[in-house]
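Good morning, and thank you for coming. Please look at the structure on the screen while I speak.

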Amino acid sequence: MDFQDREAKEGLRWSWSAFPSSRLEAARMVVPLGCLYTPLKPINGLPLLTYEPIRCKMCTAILNPYCQVDFRSKLWVCPFCFTRNTFPPHYADISENNLPAELYTEYTTVEYKIASLAAPGPGASAQAPRAEMAPPPVFVFVVDTCVPTEEEMDSLRDSLLMSFNLLPENSQVAFITFGTTVQVHEVGSSDISKSYCFRGSKEVTTQQLVEFLSHPTQANTSKQQAAGAAPMLPDARRFVGALGDIEFTLTGLVEELQADPWPIASDRRPLRATGA
């Protein structure tokens, strides 16, 4: 299949047409490996599997046609972290002529139905544990504000507002903008617009990010440091909210969205915080 046909079929576009086969190849890549994904893209004839997916024990990637499979030893190798995984007991009968659906070469995109009433995997007993109801989808909008003209900024605002209307009603949404700086916006309160700004030229560790977003009082911070306790985690409801509850806040953020104000020379690229 031509790569353009695959893009149209699955809603994926990669920066490379081949996946690195080793960590050394990945380190030598001049352009980082990246992917543009169209969420909730309608796919004609999408296979629906009514059992739980098989996950890698190391990185939790899901069994797929690109995995190396040893049918004799009942092992499969994760293409992301190269971990060797064993198949569960109810996959004991698989062979080159008896493949589960997720290993079919034409089933590169499948959908799993893993609600509480979903059936166990092929060949599994009725007593096998069943998954709980799947959580709602979470969408994090990361918006590039290095837009050269006001016309393009208007188009960006219109596209964002349109995309909000296309999301499922139970979606959880977060909003981040970046230009010369990175701004993490609070969406849990509609009283006042509030965001946390980070320098794009400075790398922030996970622990520092947790401390900044938690904004604990100095007294609480001193007590935690004295007791050797872990830092307080930020309240996720301040940054991620149900679309129906925060749609007014999101609309206000988009309508007030401005292009990155940092001046740049005519022969230079914008100072995007892509490395932060």
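This is a predicted model: local features need pLDDT of at least 70, side-chain atom pairs count only at pLDDT 80 or more; totals for chains, interfaces and linings use all residues.

Let us begin with helix H3, residues 150–166. At 1.5 Å a residue, its 17 residues should span 24 Å, and the end C-alpha atoms are 25 Å apart, which agrees. Which residues of H3 are buried? They are Met153, Arg157, Leu160, Ser163 and Phe164. Seen down the axis of H3, these buried residues fall within an arc of 130 degrees, so they line one face of the helix. In general, an α-helix has 3.6 residues a turn, so residues three or four places apart point the same way. The buried residues of H3 pack against strand E8 (138–144), strand E9 and helix H6 (243–255). On the face turned away from the buried side, we find the exposed residues Glu151, Met162, Asn165 and Leu166.

Threonine 180 counts as buried because its relative accessible area is 15%, and buried means under 20%. Its side chain makes a polar contact of 2.7 Å with the side chain of aspartate 260. Among the other residues that threonine 180 touches are Arg199, Trp262 and Leu271.

Finally, glutamate 106 belongs to the loop between strand E6 (84–86) and strand E7 (111–112). With a relative accessible area of 48%, glutamate 106 is partly exposed. Its side chain is joined to that of threonine 105 by a polar contact of 3.2 Å. Glutamate 106 and proline 65 are 41 residues apart in sequence, and their C-alpha atoms are 8.3 Å apart in space.

How values were computed: Residues are numbered from 1 along each chain as its sequence is written. Side-chain values use heavy atoms; hydrogens and water are left out. Helices (H or I, at least four residues) and strands (E, at least two) are DSSP runs, numbered from the N terminus. Buried means under 20% relative accessible area, exposed over 50%, partly exposed in between (1.4 Å probe, protein chains only). A polar contact is a pair of N or O atoms within 3.5 Å; within protein, one must be able to donate a hydrogen and the other to accept it, and residues adjacent in sequence count only if both atoms are side-chain atoms. Contact means heavy atoms within 4.5 Å. The expected span of a helix is 1.5 Å times one less than its number of residues. The arc is that of the directions from the helix axis to the C-beta atoms.
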